[in-house]
Amino acid sequence: MTETASVGESLPPDTTPPPRIDGAKAMDYARQVVAFGPRYLTSPGHKKTESFLRVRLKGDELEEDAFNASTPAGNLPMLNFIAKFPGTQDGIIVLAGHYDTLYGRNDFVGANDAASDTGLLLAIADYLRTQKNRQGYSIWLVWLDGEEAIKHWSDADSVYGAKHLAEKWQKDGTAKKIKGFLLADMIGDKDLDIDRDQNSTPWLEDLVGQAATRLGYQSHFFQRLNAVEDDHLPFARIGVPVADLIDFSYGYNNVFWHSPQDTVDKLSPQSLQIVGDVMLETARLLPAHK
Ligand SMILES: [Zn+2]
């Protein structure tokens with residue numbers, strides 16, 4: 001009780017209704033993406049996902065960030081998507097996920113990893129489109145490419161899209177305007193339990209916890225501590241505050257992770273909704289925080 005009271009003191013007055021995305025729609029998008037089959041770099045499913053994102057984001061301010069990355073499989077073309085939704089305040093909040101699946105694996109459709117966040121970000125775009133003159137910072141939605149390792153996960157062989165974009169944003173000055181970078185990965189699990197990540201920025205993790213508490217979703221957050229290597233790290237390295245929302249316990253002992261069992265039946269619209277709402281609520285609290 002005392003804890004809730006002290007959390008409440010630092011929060012702005014509630015003048016607008018809390019954000020609420022359409023979880024069923026997010027789920028439907030995730031289903032459609034899974035139906036494209038494996039979506040690893042150079043695969044037909046990857047191309048279909050690119051077209052799908054273009055169609056869904058038509059009419060939005062969409063930037064395509066195409067580049068080539070040197071990998072253990074040679075030089076590969078990659079493509080990040082960035083959809084920009086303006087706010088009334090100067091500054092940017094990034095909500096990101098990845099859309100590639102495990103490289104070279106044709107037995108893996110990646111419902112949770114990562115059709116879940118691909119679909120969630122599309123549902124968030126739908127929500128933001130309805131918010132004319134939205135108070136707060138601009139929100140940029142980012143679908144990153146090349147998260148998965150080509151051979152063996154290492155700093156060099158992983159998060160290619162994130163590394164490219166962080167470098168680009170550092171050079172062009174965008175990085176300085178980013179107030180927070182929230183990453184969603186593996187967030188569709190029916191049994192949702194988002195880890196507290198020790199590689200994320202502590203105050204931003206705290207703010208995510210406050211947002212979850214305000215919406216009544218706190219039982220799905222931070223029961224476990226983890227130190228996660230993911231798309232947020234390249235941005236953390238250039239001084240951007242980051243928080244990775246990840247549930248790295250997918251099935252007993254994480255057995256569904258990177259396995260053929262990562263299928264749509266393991267996901268729920270409620271989990272997608274909870275994570276989407278918490279990301280948007282965190283974005284809403286951020287201007288008052290800093
Ligand atoms: Zn993965």
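Two strands count as paired if DSSP finds at least two bridges between them. With that in hand, we can read one such link here: valine 94 has phenylalanine 181, in strand E5, as its bridge partner. Keep in mind that this is a predicted model. Let's walk through its sheet, the helices around the sheet, and a zinc site.

**The sheet as a whole**
- Six strands form an open sheet with mixed pairing, in the order E1-E2-E4-E3-E5-E8.
- Strand E1 (61–71) and strand E8 stand at the edges with a single partner strand each, so one side of each has no neighbour in the sheet.
- On average, neighbouring strands of this sheet are turned by 20° against each other, direction ignored.
- As a general point to carry with you, side chains in a regular strand alternate between the two faces of the sheet.

- E2 and E4 run antiparallel and are joined by five bridges; here phenylalanine 85 has isoleucine 139 of E4 as its bridge partner.
- E3 and E4 pair in the parallel sense, over eight bridges.
- Besides valine 94 with phenylalanine 181, alanine 96 has leucine 183 of E5 as its bridge partner.
- E5 and E8 run parallel, with five bridges joining them; leucine 182 has alanine 243 of E8 as its bridge partner.

**Covered or open?**
- E4 is mostly covered, with eight of its eight residues buried.
- E5 is mostly covered too, with seven of its eight residues buried.

- Helix H5 lies across E1, strand E2 (74–85), E3, E4 and E5. Its direction is at about 115° to E1.
- Helix H7 (residues 202–215) packs on the sheet as well, where H7 touches E5 and E8. The direction of H7 makes about 50° with that of E8.

- Helix H2 (residues 23–34) and helix H3 (residues 44–56) have axes that come within 10 Å and cross at roughly 150°.
- The crossing of H2 and H3 is right-handed.
- H2 brings Tyr29, Gln32 and Val33 to the contact, while H3 brings Thr49, Phe52 and Arg56.

**The zinc site**
- Which residues hold the zinc ion? The zinc ion is coordinated by Asp113 (OD), Glu148 (OE) and His258 (NE2), at 1.9 to 2.2 Å.
- Along the sequence, these donor residues follow the spacing D-x34-E-x109-H.
- Glutamate 148 lies in the loop between strand E4 (137–144) and helix H5 (160–171), and histidine 258 lies in the loop between strand E8 (242–246) and helix H9 (269–289), so the pair ties together parts that are 110 residues apart in sequence.
- Is each of these two residues buried or partly exposed? Glutamate 148 has a relative accessible area of 3%, and because the cut-off for buried is under 20%, this residue is buried. Histidine 258 has a relative accessible area of 21% and is partly exposed.

Conventions:
Residues are numbered from 1 along each chain as its sequence is written. This is a predicted model: local features need pLDDT of at least 70, side-chain atom pairs count only at pLDDT 80 or more; totals for chains, interfaces and linings use all residues. Side-chain values use heavy atoms; hydrogens and water are left out. Donors are N, O and S atoms within 2.8 Å of the metal (3.2 Å for Na, K and Ca); water is not among the atoms, so sites may look incomplete. Helices (H or I, at least four residues) and strands (E, at least two) are DSSP runs, numbered from the N terminus. Buried means under 20% relative accessible area, exposed over 50%, partly exposed in between (1.4 Å probe, protein chains only). Axes are lines fitted to C-alpha atoms, for helices over the stretch in contact, and angles run from 0 to 180 degrees between N-to-C directions. Contact means heavy atoms within 4.5 Å. A crossing is left-handed if the near helix is turned anticlockwise from the far one by less than a right angle, and right-handed if clockwise.
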